[in-house]
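Subject: The structure we talked about

Hi,

Here is the structure I promised to pass on to you. Have a look at it first, and then read my notes below.

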Amino acid sequence: MNIEWLSRQFDNIVFLLGWHVLLAVTPLVLGLLIALPLGWWAHRSRRIYPLLVGIAGLLYTVPSLALFVLLPLVLGTKILDPLNIVGALTIYTVALLVRVVADALDSVPEDTVQAAKAMGYRAYQSLLKVELPVGVPVISAGLRVAAVSNVSLVSVAALLGIPQLGSLFTQGFQLRFFTPIIAGIILCVVLAMILDGLIILLNRWLTPWTPKVVAS
Amino acid sequence: MIKFENVTKAYPDGTVAVDGLYLEAPTGKLTILVGPSGCGKTTSLRMINRLIEPTSGTIYLDDQPTSGMDAALLRRRIGYVIQHAGLFPHRTIVDNVATMPVLLGESRQKARMTALELMERVGLPANFAKRYPWQLSGGQQQRVGVARALASDPAFMLMDEPFSAVDPVVRAQLQDEFLRLQREIGKTIIMVTHDIDEALKLGDQVAVMRVGGKLAQMATPSELLTSPADAFVADFVGRDRGYRSLGFTNVAGTVAVSEEAVVQLGASAAEAQARASGAWVLVVDGGRKPLGWAQPELIGGELKREHLNLSGTSATSTGTMRQLLDAALSSPSRRGVVVNDSGELIGTVTASDIVKAIEAEPHLETAR
């Protein structure tokens with residue numbers, strides 16, 4: 001490790017880290033927002049479920065690099081536009097979370113849903129006040145997978161020259177210099193762990209009602 | 001009043017769950033729907049608050065047809081209790097109970113006050129308020145379910161096998177408490193159960209349904225036992241219905257109670273021997289409450305607790321013929337212990353006295 005290089009590059013590394021966070025977290029939030037109604041739809045209809053979950057699984061198998069290159073053709077953006085990364089990762093997040101949201105809603109006990117209905121909750125009230133809150137533990141488990149997956153997928157965008165921690169890898173390979181590679185790996189891992197931890201905390205805050213013996 | 005008028009539920013595959021049902025559940029009374037599985041009792045119940053829509057026919061709530069009402073608003077007028085309580089796992093007990101008032105637009109604070117009162121009413125300690133459902137036993141959850149259904153003080157209540165998911169001891173306790181509560185609040189209730197004993201114990205009137213969704217008989221519990229409409233009802237009501245119908249016959253004054261000589265703990269063997277009639281003597285405490293029977297010839301020295309035989313039950317003088325007969329049959333001396341409402345001894349009766357009283361009055365007045 002070349003400490004001197006690191007301190008010289010400090011500002012640049014922080015800049016790359018900032019971009020990395022932005023490029024990983026934005027799709028996570030957008031993906032969740034899109035997956036919520038889709039997952040609800042899949043949960044409601046036994047015929048839609050296999051269709052949506054099937055399409056989602058298929059989307060997830062498209063290689064990320066291919067998607068980064070293809071998206072500009074669809075979105076009409078420039079190849080170097082960070083929006084492509086946001087778009088691609090949003091697709092992956094949705095692909096992961098559609099099934100998660102549907103399964104989260106399925107996990108709500110039938111008795112609970114029936115009681116809500118019988119007490120006079122309208123369908124939207126039951127969804128917002130009973131089913132989604134009770135489904136939070138399942139959704140946050142899925143969100144943790146998506147967050148970590150996004151952090152690692154973002155680095156692929158370095159091959160297109162979009163700045164984020166992955167740029168440290170390309171830089172290191174080109175210079176045959178290991179310090180930036182190691183720094184990039186450590187920062188990626190730490191970032192993934194922090195995001196994971198934040199989702200765990202958020203889940204705990206939203207679900208004070210779960211038995212306290214949760215394995216995390 | 002809840003009224004079914006020619007109500008039918010048929011499914012597209014041709015299954016008829018409920019077939020031309022006429023039924024009236026009078027205001028302030030507990031009506032029970034009972035029958036074997038597949039008789040359409042739960043379907044009938046769930047058509048009242050339109051969790052299931054009838055295929056044809058009309059259900060009236062106080063003479064208003066439910067079909068024209070907004071389903072959600074209709075449901076908010078009716079308390080609903082289900083088998084596994086169906087509590088909201090993410091809400092505290094007090095907020096579970098406060099659900100209906102909040103839904104009806106009351107402030108959260110006021111709704112919680114109401115909820116706390118109701119928790120007390122169904123026998124839940126106030127320190128349960130901040131707990132979550134998973135921290136409660138099945139019986140406690142069921143009480144929360146009942147409190148939640150009552151929180152908005154609805155005129156009607158629907159109960160779907162409310163006590164069947166708990167063990168028999170807790171079930172009996174919940175049933176007794178519920179009967180006491182219903183005597184105070186007098187709601188118009190329809191309850192579904194598959195347990196005929198529960199139906200006979202709780203119901204003001206019982207509707208027996210048969211497979212195919214037809215009403216077999218609607219009657220009071222004692223009528224069901226003494227005059228079942230047909231072989232199906234007779235069979236469903238059960239074998240020992242002659243004995244069980246005694247459970248609806250008042251004792252009050254029909255059987256002569258004999259005086260019984262008693263001793264207290266600490267008495268000598270000789271004293272016990274002198275008071276005993278036959279091989280057994282009845283032992284009471286200082287307040288004349290019966291403790292058990294003892295055999296004087298087995299007492300060495302003085303009479304102690306370990307000499308007591310506790311197998312006998314006791315009947316109250318205001319209770320039912322069934323309790324009285326059971327007291328006589330279970331007593332080791334064959335003399336049944338009769339007590340007053342505060343548990344003090346009145347005297348004893350023998351099974352033959354009781355049978356004589358039953359034979360003398362074949363149409364004993366029924367308890368309800």
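**What I found in it**

Let me begin with V97(B): if its neighbours within four places in sequence are left out, this residue is in contact with A115(B), L118(B), M119(B), V144(B), A147(B), R148(B) and A151(B). Please keep in mind that this is a predicted model.

V97(B) also belongs to the largest nonpolar core, which has 120 residues. Together with V98(A) and A147(B), V97(B) touches the most other members of that core. Which element gives the most to this core? That is helix 5 of chain A, with 16 residues. As general background, nonpolar side chains tend to be buried together in soluble globular proteins.

On the side of helix 4 of chain A, the contact is made by S64(A), L67(A), F68(A), L71(A), P72(A) and L75(A). Helix 5 of chain A brings L83(A), N84(A), I85(A), G87(A), A88(A) and I91(A) to the contact. Sorted by class, this contact has nine nonpolar and three polar residues, and no charged ones.

Next comes the place where the chains meet. How many residues does each chain put into the contact? Chain A gives 16 residues and chain B gives 18. On the side of chain A that touches chain B, helix 6 (110-118) and helix 7 (123-154) of chain A each supply at least two residues. Helix 6 of chain A gives the most to that side, with six residues. By class, the residues of chain A on that side are nine nonpolar, four polar and three charged.

Finally, a few words on chain B as a whole. Chain B has 14 helices and 16 strands, and its C-alpha atoms fill a box of roughly 80 × 50 × 30 Å along the principal axes. Of its 368 residues, 40% count as buried. Among the contacts in chain B with a separation of 6 or more, 60% are between residues 24 or more positions apart.

Technical notes:
Residues are numbered from 1 along each chain as its sequence is written. Chains are lettered from A and ligands numbered from 1 in the order in which they are written. This is a predicted model: local features need pLDDT of at least 70, side-chain atom pairs count only at pLDDT 80 or more; totals for chains, interfaces and linings use all residues. Two residues are in contact if their C-beta atoms, placed from the backbone, lie within 7 Å. Helices (H or I, at least four residues) and strands (E, at least two) are DSSP runs, numbered from the N terminus. Ala, Val, Leu, Ile, Met, Phe, Trp, Tyr, Cys and Pro count as nonpolar, Asp, Glu, Lys and Arg as charged, and the others, Gly among them, as polar. A nonpolar core is a set of buried Ala, Val, Leu, Ile, Met, Phe, Trp, Tyr and Cys residues joined through C-beta atoms within 7 Å. A residue is buried if 20 or more other C-beta atoms lie within 10 Å of its own, exposed if 12 or fewer, and partly exposed in between; C-beta atoms are placed from the backbone.
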